[in-house]
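Please read the following report alongside the sequence and the coordinates. It is written for a reader who wants the geometric terms stated together with their cut-offs.

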Amino acid sequence: MDLAGLVSLVKSAGVVGAGGAGFPTHQKINNQCETVIINGAECEPLIQVDQQLLQHEAELLVDTLETLVAVTGASRGIFAVKAKYRAAVEKLQQVLAGKSRLELFLLEDFYPAGDEHVLVYEVLQRVVPPGGIPIQVGAVVMNVETLLNVAMACREEPVTHKYVTVTGAVAKPVTVRVPVGTPVKTILQLAGGPTLSNYRVIEGGPMMGKVLVNPEQAITKTTKGLIVLPDSHRLLRSKHLDTRIVLKRAMAACCQCTACTDLCPRHLLGHSLEPHRILRSLSHNYTNDPAVVAAAQLCTECGACDMYACPMDLSPRLLNSAVKRELAKHQFRLPPGTEPLPHPERKQRKIPLKRLITRLGLSNYQREAPLTNNQFAIDRVVLELKQHVGVSCSPVVKPGTKLEVGQVVAEVPEGKLGSRIHASISGKVTKVAPHIVIER
Ligand code: SF4
Ligand code: SF4
């Protein structure tokens, strides 16, 4: 197979970054590169998908990485996995034996080890330029589940299912494989249901995930976790703050201790992002250095500043998010940066995951969520038309259309960035806007 052939299969199968980002994979792999890095860091607390896929699907993942390395002209392919995922590491060590172009890189247990820029630096000791992407330093980075979906695409099997860890205040934490579009409340029942009557659900990880407002919501191709928490949990409060309140609190309480900047993972890579200065500029209306505020565009909203670093419980992250939205409205983009030098104390300032979990108040929820092989009969799915970076897809089916699992239901408009969507169960289309509903 050549690169064009693989890109075509991956595009046709609707593969997107399954780790949460949702970038269309056919665009990402359509590059000659030096190194393909498989991101097995899974750095968000409680989520347990990739580490189990590495253990249970090691042969297929290794074969697929070999193919990727060959077609992209890379000199090596690297599985970057936390050393603490012992079962996965042992299995990979066995399967990788004798594969001269493939390697295993062991990561420490810190947050956010899975941030693409952080990961590339850990593995290659190269800093992706601020605002840039890994290919600028010769790397393509792909999440473990995405690699598995590439493997399926090579067999002409489209993305119809998703692996999700269901944990938190549920009877029996579990990692399941369910059709894309399965309603969240149905998936919670697969983990024995919530153990509380007043609860909220975070979609994704505790740090970067979003609190679901609609209990009828369904999972997408990027949902990695569903975490049930008591509705009084402090983690939920920090996700709900209004920007004006965040700003007022910052004006009253920020002591400019710089802890948010000192521990910011992107600042530590040498990026010009300094959250304490952005916060000072916004809360005191300083306008003499707009470049300081514009650097908010480099913020990944990882939450290290507000959920871990700040002693005053302030949120530079939410302010950065507001600045980013405003800059995007005016179509402002920071000029491309060059490869900066990381901070000399970066190594000492990494955030240990164990301490982060304690600070988030999640220690009680640190339980195994084993991957189950059970097949679940799902009767109804709700497919969002935008499950990826880019533009929304357009439905190519009508109410009443009968479908088999795997048939295309929505296409990306010609020439636009996006990824097509397939029926995740067999059944009849009952609705096509604002999303596609299929019922058995
Ligand atoms: S850590 Fe908190 S108090 Fe310290 S500078 Fe940052 S926002 Fe202000
Ligand atoms: S959320 Fe905070 S710590 Fe994370 S990148 Fe943004 S400013 Fe830095």
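Predicted model: local features only at pLDDT ≥ 70, side-chain atom pairs only at ≥ 80, totals over all residues.

Residues are numbered from 1 along each chain as its sequence is written, and chains are lettered from A and ligands numbered from 1 in the order in which they are written.

**Domains and sheet**

The domain assignment of the protein chain, whose bounds come from an automatic or database domain assignment, gives domain 1 (3–154), domain 2 (160–225 + 361–377), domain 3 (239–352) and domain 4 (379–440). Between the C-alpha centres of domain 3 and domain 4 there are 38 Å.

Helices (H or I, at least four residues) and strands (E, at least two) are taken as DSSP runs and numbered from the N terminus; two strands pair if DSSP finds at least two bridges between them. On that basis, four strands form an open sheet in the order β3-β2-β1-β5, with parallel pairing. Its edge strands, each pairing on one side only, are β3 (102–107) and β5 (139–143), and the twist from one strand to the next averages 25 degrees. Six bridges join β2 (residues 76–82) to β3 in the parallel sense, and G77 has L102 in β3 as its bridge partner.

**Ligand shells**

A residue is near a molecule if its C-beta atom, placed from the backbone, lies within 6 Å of it. Around ligand 1 there are 14 residues, of which C254, C257, C260, H276 and C310 come nearest, and α11 (259–262) and α13 (275–283) each supply at least two residues of this shell. Around ligand 2 there are 15 residues, of which C264, C299, C302, C305 and R317 come nearest. The elements giving two or more residues to the shell around ligand 2 are α12 (265–268), α15 (304–309) and α16 (316–329), and the largest share, three residues, comes from α16.

For the classes in the table, Ala, Val, Leu, Ile, Met, Phe, Trp, Tyr, Cys and Pro count as nonpolar, Asp, Glu, Lys and Arg as charged, and the others, Gly among them, as polar.

| Shell | Nonpolar | Polar | Charged |
|---|---|---|---|
| Ligand 1 | 11 residues | three residues | no residues |

**Helix packing**

Axes are lines fitted to C-alpha atoms, for helices over the stretch in contact, and angles run from 0 to 180 degrees between N-to-C directions. Helices α13 and α16 pack at an angle of about 70 degrees with their axes 10 Å apart, and are therefore roughly perpendicular to each other (65 to 115 degrees).

**Backbone details**

Most residues other than glycine have a negative phi, and most peptide bonds are trans. A cis peptide bond joins Y111 and P112, with omega about -5 degrees, and P112 lies in the loop between β4 (110–111) and α6 (116–124). Another cis peptide bond joins A433 and P434, with omega about 0 degrees; P434 is placed in the loop between β17 (427–431) and β18 (436–439). L46, a residue other than glycine, has a positive phi near 80 degrees, and is found in the loop between β1 (35–40) and α3 (50–56).

Methods
Parallel < 35°, antiparallel > 145°, perpendicular 65-115°, else oblique.
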